[in-house]
Number of protein chains: 2
Amino acid sequence: MRLSQFHLATVKEVPADAEIASHQLMLRAGMIRKLAAGLYTWAPLGLRVLRKVESVVREEMDRAGAVELLMPTIQPKELWEESGRWAKFGPQLLKIKDRKEQEFCYAPTAEEVITDYARNELKSYKQLPVNFYQIQTKFRDEIRPRFGVMRAREFLMKDAYSFHLTQESLAGTYDAMYQAYTRIFTRLGLKFRAVEADTGAIGGNASHEFQVLADSGEDALIFSDGSDYAANIEKAEALAPTTTRPAPSAELTRVDTPTQKTIEEVAAFLKVTPQQCVKTILVRGAEGLVALCVRGDHEVNEVKAGKLAGMPGESELASEEEILAATGARPGFIGPAGLPAEILVIVDRDAAVLADFVCGGNLDGTHYTGANWDRDARVTRVEDIRKVVAGDPSPDGKGTLQIARGIEVGHVFQLGNKYAEALKATVLDENGKAQVMLMGCYGIGVSRIVAAAIEQRHDDAGIIWPEPMAPWRVAVCVINPKNSPDIAQAADALYAELKQRGVEVALDDRGLRPGAMFADMELIGIPHRVVVSERGLAAGTLEYRARHEAEARAITQDELFALLG
Amino acid sequence: MRLSQFHLATVKEVPADAEIASHQLMLRAGMIRKLAAGLYTWAPLGLRVLRKVESVVREEMDRAGAVELLMPTIQPKELWEESGRWAKFGPQLLKIKDRKEQEFCYAPTAEEVITDYARNELKSYKQLPVNFYQIQTKFRDEIRPRFGVMRAREFLMKDAYSFHLTQESLAGTYDAMYQAYTRIFTRLGLKFRAVEADTGAIGGNASHEFQVLADSGEDALIFSDGSDYAANIEKAEALAPTTTRPAPSAELTRVDTPTQKTIEEVAAFLKVTPQQCVKTILVRGAEGLVALCVRGDHEVNEVKAGKLAGMPGESELASEEEILAATGARPGFIGPAGLPAEILVIVDRDAAVLADFVCGGNLDGTHYTGANWDRDARVTRVEDIRKVVAGDPSPDGKGTLQIARGIEVGHVFQLGNKYAEALKATVLDENGKAQVMLMGCYGIGVSRIVAAAIEQRHDDAGIIWPEPMAPWRVAVCVINPKNSPDIAQAADALYAELKQRGVEVALDDRGLRPGAMFADMELIGIPHRVVVSERGLAAGTLEYRARHEAEARAITQDELFALLG
């Protein structure tokens, strides 16, 4: 591509509302332009990158035996009512009325439509397993769209849905998708981790998230330094402590802590460590309030807690009014000792081995010291309800846990029979009997991958694309072509030769000064830059610089070809 | 592709609600499935064809120097208000409210968004001309979606928009797009015509429609048998007659025509030809009713009439009440003789040379004979307001006009400054002065092309794809592979060899009986079919049949390779 013919639109200013690096760089490089909140136009440069990601995803889905189709973005309410999600999905579902006042939504995902398709098309177990996918625009009406295409409302997604007669078949396709995702992110040149994820309210047997590693990532990933174990923080299990609870040795004593509410404030005030305190939060259980108690240096894992018996799936914090009415105290002064009998008390395993601990006094401005389980504080159940922390032993017994930050770009999920059951999607089995199918679903945030890659790979000068995602692999920069027909000719010849060799190349023939030209090529992240100049021409060399290297060096044309492979 | 691994879903029944061949065949071949009115899922087979069309369109747009980007499907109301189309577009515009009650639409086209993009990105005449395009899902809320993807609500469209400082530049890009469209439809293997089209309410300087020829087409196309002249019926000019009006020779006489309302009924009853009658319709002009008079064998061209001075752009028929109030008679008995003075009378040039003609009597149950212009009937203006008919002389003076039927699949349009003016999209010219840009727009109905091709090319057995659109070029059918490992092996080897040679091939290894297999391959329109059978294997030949040929013949493998090129 001759850049004089390409609408390259880099800008110098860092846009005011762009908070994270990828959003800033995508705007500065001219990859995207904002149309409205959470709605972006992919400018020509951005679209080149998006299409590269899309085509790697498509190739690997095809290789894994998935079959591509294309569903409408606009889907009828009736199907979403069959699954129960018309009401349950919440305000992220963009609901639409057509000219005849019939209701539709802009698809945020397509389980309903594909299950409807499957129940019409699949009649026999002989047609199974089958894995349908599409790469299609989706819409989620985020309450606070932000970070550019990272959390946009309209976005490009690859969504796949497989259908099976047996759990073994589902597990097989799930594994094939796991391998395909691994190939996709490997081919794209990204550092990533697949982590075990919670299967949430749907249930299902297995779920993994694919996370691109980046310090700025919203998600915390847990992995072992001694094994393959990896999970997201919601899912990661905290092993039971190996110690047992000492006998009580102190008296339960109410002490004044007039303004100390947080564990840190209380521990400092009472001259104990947070490890000697118990932190208590009140949440709404399935039948009334539940106290969740963890050690002071730990955090409650609400996803793990939400899945316990008697919990409603997602545990929601009680309001200050509810807490005050139930305990007589405000948040910050709540503790397990002396709680009313109707409040269940679920204690984390690490908190359960404490003796003589500090906890809230259930009276504003006070805490207890010398508190002990059973003697002073009722224990309904001991469970794993905390978030793991770095240094915890790995749940598989091998190594200790580390924490990294990641950006979720893919998700594979064994759905089981949830949708097929709701929509009565059955096939006849070998005995001619109708069987509800099992399903898997497999998503990739195609547009989000672009932003995630930038979060992982950038410096002060701009983006550092992995080669498979770069808009062009090589930029040929021409210095003062107007002053020298020889230079223009040499650059044209090099450009033609590279194209001939199948190398994706941009010829920067825009006539900019060298500084501005180089800055643009660094900003837009081209992996290889060569400069055709009068001096180089005289010496028979090109000035070459790799995007990730600090210095340029002189190389011959043959060396360049060898380097590009 | 091994068809055992592909979700091929042919069906035998002709679906009840499919009225036209392409709709029936796309359903029977399993190319599409209906989700709701005007909403279709592209099944795997259909998507293969759709992607082929899309990629030819993309290649030719790129070759013509257009730059691809991708705009959101959801567009904010504010921009549509700037252009005035939020109100004017009508109920085809699908309006949407998000969770914050802000208004958007699902884009039916993107003039507003691209003009907004251009006014932000284009600052200088040096950036012009530029031609942006996208291939993106669109939505039009048709009142009566029908004919499958031919007139769907959600569809795939290529839309391009060019920006210019001068009319010469616009004309240049317009011509480049015309040439690109010609290449696209030629490459796709379709018979088509580019016809002059009316520029409608927008004005603008030039417009052509690209029509795929098919007897079932909704549009009438006019072309000369003696020149390149071609236009759609709305645009085509009727030359002025070469004869002059004879002097009156008959008396104006009111005759009873109690039940005769149509020209045919009146002419038969009065024993004259329709050519001796004048047909009159009343429409709403810019300031009151207008009578449009054409010869009895002609039809009023409402588009041409609507563009005359004093007409509102689109002429709308007066209601029966309006006609009765204005003339004292009902439709069927209206004529130009004795019309009230406030009604303008616009007479077609062919009607204006009649003398002693028959026309409505402006009194129910009566007509006039012996009517004459000026003496009996007032003439406000003589204009070209009729539709041309086959046999008319070509407006360029070369040959006579013929009529063909077509399906509109592309449209190129010189928009002029309509949108750029409304949205204040300016660039600085060479003198540093802000100039409103000129625009062209260029659309292709990507999904509609698939249906149009089938309308043009099918027989009783199914679709007859042109090779560039076929899901696969060759089908290798295997007879009884389970009975003979040799046959299965030979078929696999042929399949591998064809793939190796870069031929897109489907191996029908589904194990169907020959009849069912051949019927499927004909239905889905594969251009070349070869059969690997025991008999052929013994003879060292393959049974070959081209989709458009009636008979199969034996050929060698080398002959097959030669034939496929």
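In this predicted model, β18(B) pairs with strand β19 (residues 366-371) of chain B in the antiparallel sense, and the pairing runs over 3 bridges. Within this part of chain B, B:Gly360 stands opposite B:His367 of β19(B). The two strands belong to an open sheet of 3 strands in chain B, whose order is β13-β19-β18 and whose pairing is antiparallel. At the edges stand β13 (253-256) and β18 (357-360) of chain B, and because each has a single partner strand, one side of each is left without a neighbour in the sheet. From one strand to the next, the twist averages 30 degrees.

Turning to the helices, two packed helices are described by the angle between their axes and the distance between the axes. The table gives these values for two pairs in chain A that involve helix α12 (residues 446-456).

| Helix pair | Angle | Axes |
|---|---|---|
| α2 (residues 44-63) of chain A and α12(A) | about 115 degrees | 9 Å apart |
| α1 (residues 21-28) of chain A and α12(A) | roughly 105 degrees | within 8 Å |

For the pair with an angle of about 115 degrees, the value makes α2(A) roughly perpendicular to α12(A), and the crossing of these helices is right-handed. On the side of α2(A), the contact is made by A:Val49, A:Leu50, A:Val53 and A:Glu54, while α12(A) supplies A:Val446, A:Ser447, A:Ile449 and A:Val450. By class, the residues of this contact between α2(A) and α12(A) comprise 6 nonpolar, 1 polar and 1 charged.

For the pair that crosses at roughly 105 degrees, α1(A) is likewise roughly perpendicular to α12(A). Here A:Ala21, A:Ser22, A:His23, A:Leu25 and A:Met26 of α1(A) make the contact with A:Val450, A:Ala451, A:Ile454 and A:Glu455 of α12(A). The residues in the contact of α1(A) with α12(A) divide into 6 nonpolar, 2 polar and 1 charged.

At the level of whole chains, two copies of a chain are related by a rotation about an axis and a shift along it. Chain A is superposed on chain B, with an RMSD of 0.1 Å, by a rotation of 180 degrees with 0.0 Å of shift along its axis, which means that the relation is that of a two-fold axis. Among the residues of chain A, A:Ile96 comes closest to the rotation axis, its C-alpha lying at 2.9 Å. Because 100% of the interface residues of chain A are also interface residues in chain B, the copies meet through the same surface.

Key: Residues are numbered from 1 along each chain as its sequence is written. Chains are lettered from A and ligands numbered from 1 in the order in which they are written. This is a predicted model: local features need pLDDT of at least 70, side-chain atom pairs count only at pLDDT 80 or more; totals for chains, interfaces and linings use all residues. Side-chain values use heavy atoms; hydrogens and water are left out. Axes are lines fitted to C-alpha atoms, for helices over the stretch in contact, and angles run from 0 to 180 degrees between N-to-C directions. Helices (H or I, at least four residues) and strands (E, at least two) are DSSP runs, numbered from the N terminus. Angles under 35 degrees count as roughly parallel, over 145 as roughly antiparallel, 65 to 115 as roughly perpendicular and the rest as oblique. A crossing is left-handed if the near helix is turned anticlockwise from the far one by less than a right angle, and right-handed if clockwise. Contact means heavy atoms within 4.5 Å. Ala, Val, Leu, Ile, Met, Phe, Trp, Tyr, Cys and Pro count as nonpolar, Asp, Glu, Lys and Arg as charged, and the others, Gly among them, as polar. Copies are superposed by least squares on the C-alpha atoms of residues with pLDDT of at least 70 in both. Two strands pair if DSSP finds at least two bridges between them.
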